[in-house]
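Let us walk through this structure step by step. Keep the view open as you read.

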Amino acid sequence: MSRLISLILAFALTGCASSRIEQVREASTGIKQDEAMVLLGRASYNEKQTEESFTECIADALNEGENPIRLIPEEQFKDDLYPWFEPRTAPTSADELGRLFAQPGVQQRINDANVRYLAWIDGDTVTIDSGGSMSCTISTFGGGCFGVSYWEEDASYQASIWDLQTLTSTGQISADATGTSYLAGLVLPIPILARPGNAACKGLATQLRAFIVGES
Amino acid sequence: MVRKFLVLMMILVVPACTTNVVVEGTVPSPLVVKIPARVGVYYSEDFRNFRYQEAIRDAGTWNIDLGAQNLSFFRNLTSALFTSVQEVREPPLTTEEMRDLDGIMIPYIEKYGFLTPSISGLKFYSASIEYRIVLYNKTGKKIGDWNIVGYGKSEGGMFTGDEAINEATVLAIRDGGARIAIELIDQPAVQAWLRREAGQPEVTAEAE
């Protein structure tokens, strides 16, 4: 009985997030077992930056399953190829790969690690609306929270996949997810979280895996 | 009793108002074409022991020690940047001391600054560092000086404030270093110096 209540509670406390995945393929793909991929979060010096937790979430998802894709950690890749993949020096399009690979040692380092694909992850999760009110009080006779507050988040990410063997762009996958989270105060504050970032991550990772192995 | 309580409160409260950060991070070796020159590098005491202190309203005093990380980073950077590098005393050097050197490089930290989310209103901690790189030729004549600004930012959510400032500062040093590694060799004054050192004729602006 208590298990049933826990299960119902777990479902009830998870808010809804709706997501949409779109894909554009420019070239055929496929990955051998010994080949690797690297995921790089786009960073820029304005107010936006792809969250580290998002690229880690995709990496975790790609590492799971029966046929995990071998991933080179982002930090290791950036250190090995320093200074060519820093925020202000990294290539912004696949057309720049030829120039980059002409730099002494760059192609050798990439070949040594057997990196076949590079996926740039770009985007972020922003709060687009919020409202409601909740107040919490505490006194010698006890305390509690009353009211409801909510916030709507929009997670919008894109993966641009480059083939480091052919030095071309092979396609893009975009993931958009929105969801409204609530914090209801019924003596105890009860969060009902939508987690659109998580939905975008799972959707993007599933599509990225299918794209790389050439299933979609 | 009251006095003991006040002393205890002071001990508990005062350290919370000061954040000490000793910047630490990875020191990658740049993968760049070496500048064909034997260079002496002078690191001043200010550069070696660079510290930054700032008192921020509502965020207390920040003591940021980036000297050791910066020095370690620059030693690695210059070793990868020039054919050979040796650390030298403060210039001017004697003719004998310059015998095996083609020039002298002196890096300075001109400015350092950081922002916390409470100041910037953004989700990130950010840091910036402005370097000035001065190059002298074999005879002590200035070849040129260049100001390079490095930026770094770090998500506040995953780290405590001091860890985030550390991360942002390391990224700012990396960013500045990346610019130096890539851009220094392309500077016209550096190219002219290398041509002179190689015994090639000077290229005039008109010929260029």
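A disulfide links C136(A) and C145(A), with an S to S distance of 2.0 Å. This model is predicted. A disulfide is a covalent bond between the sulfur atoms of two cysteines. The S-S torsion of C136(A) and C145(A) is about 110 degrees, so this disulfide is right-handed. Now look at its two ends. C136(A) is partly exposed, at 49% relative accessible area. C145(A) is buried, at 8%.

How many disulfides does the whole structure hold over all chains? The search finds 2. Another one joins C57(A) to C201(A), with S to S at 1.9 Å. C57(A) sits in helix α2 of chain A and C201(A) in helix α6 of chain A, so the pair ties together parts 144 residues apart in sequence. Here the S-S torsion is about -100 degrees, so the disulfide is left-handed. Both C57(A) and C201(A) are buried. Count the bonded cysteines along chain A, and the pattern reads 1-4, 2-3.

Two further cysteines are worth a look. C16(A) counts as exposed because its relative accessibility is 68%. C17(B) is partly exposed, at 40%.

Turn to chain B. It has 6 helices and 8 strands. Of its 208 residues, 45% count as buried. Take contacts in chain B between residues at least 6 apart in sequence: 68% of them join residues at least 24 apart.

Finish with one pair of strands. In chain B, β3 and β4 run antiparallel, joined by 6 bridges. R51(B) has D65(B) in β4(B) as its bridge partner. The two strands form a hairpin with 3 residues between them. In that turn, D58(B) has a positive phi of about 70 degrees.

Methods. Residues numbered from 1 in each chain as written. Chains lettered and ligands numbered in written order. Predicted model: local features only at pLDDT ≥ 70, side-chain atom pairs only at ≥ 80, totals over all residues. Heavy atoms only, no water. Helix = DSSP H or I, 4+ residues; strand = E, 2+ residues; numbered from the N terminus. Buried < 20%, exposed > 50% of the residue type's maximum accessible area, 1.4 Å probe, protein only. Contact = heavy atoms within 4.5 Å. Pairing = 2+ DSSP bridges. Disulfide = S-S within 2.5 Å.
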